[in-house]
Structure formats: C-alpha cells, structure tokens
There are 2 protein chains.
Amino acid sequence: MARVGLTTERLVRAGAELADEVGFEQVTVSELARRFDVKVASLYSHVKNSQDLKTRIALFALEELADRAADAVAGRAGKDALVAFANVYRDYERDRPGRAAAARMRLDPETAAASAGVRHAQMTRAILRGYDLTEPDATHAVRLLGSVFHGYSSLEAAGGFSHSAPDSEETWTRILDALDALLRNWPTEPTP
Amino acid sequence: MARVGLTTERLVRAGAELADEVGFEQVTVSELARRFDVKVASLYSHVKNSQDLKTRIALFALEELADRAADAVAGRAGKDALVAFANVYRDYERDRPGRAAAARMRLDPETAAASAGVRHAQMTRAILRGYDLTEPDATHAVRLLGSVFHGYSSLEAAGGFSHSAPDSEETWTRILDALDALLRNWPTEPTP
DNA sequence: CCTGTTTGCCTAAAAGCTTTAGGCAAATGC
DNA sequence: GCATTTGCCTAAAGCTTTTAGGCAAACAGG
C-alpha cells in the first residue's frame, strides 16, 4: 500500500482549492479523499472530523487574506491605503470565492480570538492612522469598515448588484470615496 | 394512518423555527419530519428536496423581514426612518438568527428577482428620499446601506464585536449617525 | 349513503457522507 | 537488521437524501 503522503497541511490546502471550485458548503471529507485517491477513513488521522476540516480551511483563508492585506497596505497611507486594503477583500472574493466564504464562517470565540481575524482588525485600525480618529471612534470606524467590506463582498458574490446599472465596479469606487470622506469628517455628535 | 395535515406552508414555517433553534445550516428534512412525527418520505410530496426547502425558508424570511421593515418606516422620514429601518435588520438577526441566516442565502438570479429582496431595495431607496441624492449616487448609497446592514448583522452574530469595548450597541448608534452624516453630505467628486 | 377518485402518508430500498475500531505494511530510528 | 511508530486500509454502523410504489383517508357526485 503506497503512501500518498497526506498531511493536515496538504488536506487543508486541497480543501481550500476544492472550496473555490465547488463552494465552501460542498466541501466534504469524502470528496477530498477522492481527490487524493485514498479511502475516506484515512483522512481521519489528519483531521478530527468534517467540522475540524472546515474550521482549518477557514483559518487558512483568514491567514492568506491577512497576508495579502498586509502586503497591500505596506508603504501606503490615507485613502491610498484604504483603497488598497479594501480591494484585497473584494479581489479575494472574486478570485477565491470558496476561501472567502470560509473566511466568513462562524468560529467559536476561542478559535476566533486565536485566528488571523485579529490581524485584520489591527490592520484596519492601522489604516485609520491616516485619519484623525480617537477612541472610541476609531473602534466604531473599524467595525464599520469591516461591515462594509464583509457585506459588500458577500452581496456582490450573491449576485446582488449584477445585471443592473450602474455596474458594481463604479459603485465600489464611489463607496470607497464616500468612506474616505466620512473618515476625514467623522461626526462627533449626532445632528438631530 | 392518521393524517397530520402537512402543507408546504406549515413545513416552511416549522423549518424557519427549526433554523432559529439549531441554525439554518442544520435544517434538515429528516429533523423536520421528526418534529411532525411523520416519516421522512412524506415531506417529499410538499417540498421538492432539501435545497427547495431551504430556498423556501429563505424566501419566507425575506418576506417577513420586508414586512417588518415596511412597518418600521411607515410614517417616518430622514434619519428617523434610516434608524428604524436599520434596527429592523439588527433586531431580526438577534431575535431570529436562523431566519436571518436564511435571508442571506445565495439564491439563483431568477429566484432572487422574484423574491422580497426587491422590496428591500425599494424601501432602502425610499429612505434616501429624505436625503438629496440623485442617480447614480442613490444607487451607490442603496448598495452601501445594504452592505452595512448585512455585514454588521452578520459580524455581530458571529461574535465579532462581543467581549470588547465599546459595546456593540454604542457602535451601532454611532455608525447610524455616521451614515446619516454621510448621506447628508455625499461626496460628488473624490478628494485626491 | 356509497362509490370512485384524489391525495396523504406509509414501507422499502438505494446511494452517499460521517465516524469509529482494528489491522497490516511502510517508514523510521537505534 | 530489528522494533516501533505511523499511515493507509477494511469493515461496519448510523444518519440524511431521494425515488418508487402501495394503502387508506378524505372528498365529490350521484
């Protein structure tokens, strides 16, 4: 019985690719085994169970996304950084839809706290250094940006903006303009 | 063999409740059959398959949510309407997490076009009447609001903002203030 | 009524995914 | 070279999905 050389690492990477091809929901231990031309039970030495596999794919995607984001914002500031950062999320959704869906997976609190999700929040906060926000407004803004990137990507992927004018590309640009304007002029007190 | 009185309608409602209890992903034809104390195969007269069941739950949730939103914005305008509308989404996520997740389910284009999703977009646009936006900026703004509501709810439900100061409640208020300010002062041209 | 048709829920069965237990052989280390 | 570890296998049980075909309850018309 020749050994294929399974590894948790290799399984997770292959799982991420599988997710991009067939959708994160459709990632299955069985299908993964088929791809490695190995019996299903063999995977259970490397992965606890189906849930564990998916969680690992999610963590992998979060890391990858954080790496890309870190790369994009390096050497940039202000709106330039904001746009580069935002585009990483949108492009990831386009290029790696399965991984992007994985990155949106609900993780239990401890797992989430130990994930690259933390890096994402830190980078977002770093971008705000280009704007004059003090706490707690900076935190509010971090959460707003997270919501917009998250929400826009997912609505766009669901086809929410397709087949209707203006096209999604333009809206994206204008939304980033709007967010930039908002951050430069963050309201301190609500105007009633 | 006593008849229980299954109906597509009743199945969908029960499915929505099941989703709120165990999560939308965990909604299963088998579990639903168990709840009606009926054999699994019996459900297949009322529902095409598992996917069909989930789609119907999603459509039901979208309708319910649209009804609530319509109710909330009736007789309101401007920021008042914006806040009431936004709170409907957030409250729905809190009170009916399974249905809310269902409402975020990816639908194929035709189904989506025939869904209450259209009403949601129309209501969002109606709210913008309280602000001075002309096309295509109104569309951009509709998409931004959709993204924020969608994204915030889903991040909050995933526990993204819990256990860290300031609390989610305050952020939500400040984000709505910020969106209101942004809509009253929507940037026409980007500032480079 | 009561008889014929429709309809609702059933049994049966096949197929796929998940997960655990236990075994043999390949790799590794001394 | 031998012992131990490790990797993949077979086997098997349990659960979900889905289709096919059957019987009896509900219902309609005479």
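In this predicted model, a polar backbone atom of A:Leu6 sits 3.2 Å from a phosphate oxygen of DNA strand D, a polar contact (a pair of N or O atoms within 3.5 Å). Residues are numbered from 1 along each chain as its sequence is written, chains are lettered from A in the order in which they are written, and hydrogens and water are left out of side-chain values, which use heavy atoms. Local features need pLDDT of at least 70 and side-chain atom pairs pLDDT 80 or more, while totals for chains, interfaces and linings use all residues.

Phosphate oxygens of DNA strand D also meet a backbone N or O atom of A:Val4 at 3.0 Å and a polar side-chain atom of B:Arg34 at 2.7 Å. Helix 2 of chain B has the largest share, three residues. Near means that a heavy atom of the residue lies within 4 Å.

Sugar and phosphate make up 64% of the atoms of DNA strand C within 4 Å of the protein. The side chain of A:Arg3 places an N or O atom 2.7 Å from a base nitrogen of DNA strand C, whereas A:Val29 uses a backbone N or O atom, 3.2 Å from a phosphate oxygen. Helix 2 of chain A gives the most to the surface near DNA strand C, with three residues.

Key. Polar contact = N/O pair within 3.5 Å; in protein donor to acceptor, adjacent residues only side chain to side chain. Helix = DSSP H or I, 4+ residues; strand = E, 2+ residues; numbered from the N terminus.
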